[in-house]
Amino acid sequence: MIHVVVTGAEGFVGRALVKRLLAGGLGGQRVSKLTLMDVAFDAPPADSRVIQLAGSIADDAVRACAYASPVDAVFHLASIPGGAAEKNYALGRSINLNATLGLLEDLRGQPRAPRFVFASTVAVYGEQLPATIDERTLPAPALSYGAHKLMGEALVTDASRLGWVQGCSLRLPGVVARPGDGAGMMSAFMSLLFWRLATGVPLTVPVSPEGVAWWISVATCVDNLLHAATVDADRFNARRSYQMPVLRLTVGEVVDALAVRFGTDRKALVTYVPDPFIERLFATYPPLLTPEAERFGLRHDGSVDQLITRAMAD
Ligand SMILES: NC(=O)c1ccc[n+]([C@@H]2O[C@H](COP(=O)([O-])OP(=O)(O)OC[C@H]3O[C@@H](n4cnc5c(N)ncnc54)[C@H](O)[C@@H]3O)[C@@H](O)[C@H]2O)c1
């Protein structure tokens, strides 16, 4: 009988995580109360264990409602994406940084320090990437979004040292396959490839077929979030931060595998019109070595075939 809180629960990863928590519980235990936080909800909950809190995580009163009864685990997924945070610094800082601190500080009064899993990002590495990235690569964020996420990781580490939470940050790579048109996100092409090739609709991608990215399916991403919330807390490293393992694949390799799955003629649906800015940001990723994260129990999808299956499982 446990109480779990999910921020950003209406988002892409949040929805998949909520489904899994309701169906499978957490660490072998049934979730008896699931508090969902987001700015708004599309529909009322279909499950009586779910409480929807519509409002901002930056609002003290909303956070107080979420934590009114003892909390066993918090998954902190709410964020302002990089492009939007760059356009509105104050909003980005308020949600991506200040609200993260608020969510942690407000847990001080809990009877038992809850697990706290924070969704960080590969954007912490910045733009001038070394030839290989590993778990000792120093972050150098190039956007306020990445800078605030990195500060969030430090806040999770410190709140854990102080005994407020048993926290852990995971750096997420490009998660696929987000439904919809990507709402103007620059990385939308990564998910659109999956849905358009599956349904036979043409698309233009703003990168070259040789463009190389880091990929993870939403199902495997959720596996990793759940693992971080349930693994023995003695196993956390001192930073309490891990890079999620990834599959490093060219866009062409993903398209080829999608064509094998959905029909070889589907390859012709893709037109490549590289935009140097987008290519540099999303399709020039070096090898990423994550032995520590893998020993800790985090996983990538294993193969491009599994990536496709698990990205589209819902
Ligand atoms: N999806 C990816 O590829 C990816 C990659 C790297 C990092 N991440 C991180 O993982 C997390 C989840 O990603 P996602 O793809 O589900 O994001 P998303 O944008 O789909 O969902 C984020 C949710 O947060 C909510 N939110 C925004 N401001 C809020 C506020 N003030 N109060 C309450 N809720 C608020 C939004 O309404 C949205 O539903 C985010 O923190 C994101 O930064 C995601």
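Ala, Val, Leu, Ile, Met, Phe, Trp, Tyr, Cys and Pro count here as nonpolar, Asp, Glu, Lys and Arg as charged, and the others, Gly among them, as polar. The model is predicted: local features need pLDDT of at least 70, side-chain atom pairs count only at pLDDT 80 or more, and totals for chains, interfaces and linings use all residues. Numbering runs from 1 along each chain as its sequence is written.

Stop 1: Helices (H or I, at least four residues) and strands (E, at least two) are DSSP runs, numbered from the N terminus.

**Stop 2: α1 against α7.** Select residues 12-24 and 218-230. The two helix axes come within 10 Å and cross at roughly 65 degrees (axes are lines fitted to C-alpha atoms over the stretch in contact; angles run from 0 to 180 degrees between N-to-C directions). Now show F12, V13, A16, L17 and R20 of α1 with V218, A219, C221, V222, L225 and L226 of α7, which make the contact (C-beta atoms, placed from the backbone, within 7 Å). Ten of these residues are nonpolar, none polar and one charged.

**Stop 3: α11.** Select residues 304-311. Its buried residues are L307, I308, R310 and A311 (buried is 20 or more other C-beta atoms within 10 Å of a residue's own, all placed from the backbone). Their cover includes β7, α6 (188-199), β9 (212-217), α7, β11 (247-250) and α8 (251-262).

Methods: Contact = placed C-beta atoms within 7 Å. Buried ≥ 20, exposed ≤ 12 C-beta atoms within 10 Å, placed from the backbone.
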